[in-house]
Amino acid sequence: MKTVEYTIKDALGIHARPAGLLVKEAGKFASKIMIASPKKEVDAKRIMGVMSLGVKCGDTVKITIEGEDEEAAAAAMQAFLESNL
Amino acid sequence: MFGKLKNLFGGDTGITIAAPTAGTVVALESVPDPTFAQGILGPGIAIEPAEGRIVAPADGTVDVMFETGHAVSMTTADGAELLIHVGIDTVQLEGKHYKACCKAGQQVKKGDVLIEFDPAAIKAEGYQIVTPILVCNPDAFTVEPAAGGTVAAGDALLTLKKK
């Protein structure tokens, strides 16, 4: 299992567009990928779940990845967060 | 009888998602934002609104009412996860010209008002109000347009069939 923690720097947080892009990125991997806000944890491959987190600027999200391609997935999710949020 | 059974299971006739606002139907591919046009948030359709309100396109439960009032998502009674996003890049308005009329967890009936907004004021700030209506769980449904041209709120807009 791999985890990635990241504090959101985008002023608008995870609204619809970044939620869609995050889900698309997570969907490239076979591993089970969960994302947690300070409030709850959801499947990072489901748009509705990711939007419902209501992640705001300054919130720290924790992504948990489990599966055969978890190394690559963790690196990709880290890179996605850094370049988009 | 077979017809009734089929309807019961979302068979031949499918599930109808109604237009959440009056206006002109626009193909999703024509929406000037690649996130929508490329279907990253899901398949669907868009409407150029002719009025300043969004109503529930089906019976269901509100999942997310964005604090900024510019978007709402709901799960219909049939299990379709819908996102209605009023305008392009309008998250930037941070709630200005929008009024959220529902909240997360609320049960709604088709036609209940979800969002009110001021189209003229939003356009005056330089934003487009074209409104994508998307199905966020296309793994569960096929999505076909059921309308073109102009629609009234409540008219059939999309036909969904369970996969």
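Residues are numbered from 1 along each chain as its sequence is written, and chains are lettered from A and ligands numbered from 1 in the order in which they are written. Because the model is predicted, local features need pLDDT of at least 70 and side-chain atom pairs count only at pLDDT 80 or more, while totals for chains, interfaces and linings use all residues; side-chain values use heavy atoms, with hydrogens and water left out.

**The contact between chains A and B**

Colour the two chains separately and select the residues of the contact (heavy atoms within 4.5 Å), to which chain B gives 23 residues and chain A gives 13 residues. About 1500 Å² is buried between them, 67% of it from carbon and sulfur atoms; buried area is the accessible area (1.4 Å probe) that two parts lose on being put together, summed over both. On the chain B side, B:Ile40, B:Leu41 and B:Val91 lose the most area to chain A, together 31% of what that side buries.

B:Val91 counts as buried at 6% relative accessibility, where buried means under 20% relative accessible area, exposed over 50% and partly exposed in between (1.4 Å probe, protein chains only). Leaving out residues up to four places away in sequence, B:Val91 touches A:Leu12, A:His15, B:Thr68 and B:His70.

Now select B:Asp33, which sits in the loop between strand S2 (23-26) and helix H2 (34-37) of chain B and is buried at a relative accessible area of 5%. Its side chain makes a polar contact of 2.5 Å with the side chain of A:Arg17, and a polar atom of that B:Asp33 side chain lies 2.8 Å from the backbone nitrogen of B:Thr35. A polar contact is a pair of N or O atoms within 3.5 Å; within protein, one must be able to donate a hydrogen and the other to accept it, and residues adjacent in sequence count only if both atoms are side-chain atoms.

B:Asp33, A:Arg17, B:Thr35 and B:Val91 are among the residues lining the largest cavity, which has a volume of about 50 Å³. On a 1 Å grid over the protein atoms alone, a cavity is a set of points where a 1.4 Å probe fits but cannot get out, and a pocket is an open set with protein on both sides within 12 Å along at least five of seven lines; lining residues have an atom within 4 Å of a point. Grid points are joined across faces, edges and corners, and a volume is the space filled by probe spheres set on the points.

**The largest pocket**

Move to the largest pocket, of about 520 Å³, and show A:Gly54, A:Val55, A:Lys56, B:Phe66 and B:Glu67, which lie nearest its centre among 24 lining residues. Strand S5 (60-65) of chain B gives the most to this lining, with three residues.

**Helix H1 of chain A and B:Thr159**

Select helix H1 (residues 16-26) of chain A, where eight of the 11 residues are buried, so the helix is largely enclosed by the rest of the structure. Finish at B:Thr159 in strand S14 (residues 156-162) of chain B, whose C-alpha atom is separated by 4.8 Å from that of B:Thr16, 143 residues apart along the chain.

Notes: Helices (H or I, at least four residues) and strands (E, at least two) are DSSP runs, numbered from the N terminus.
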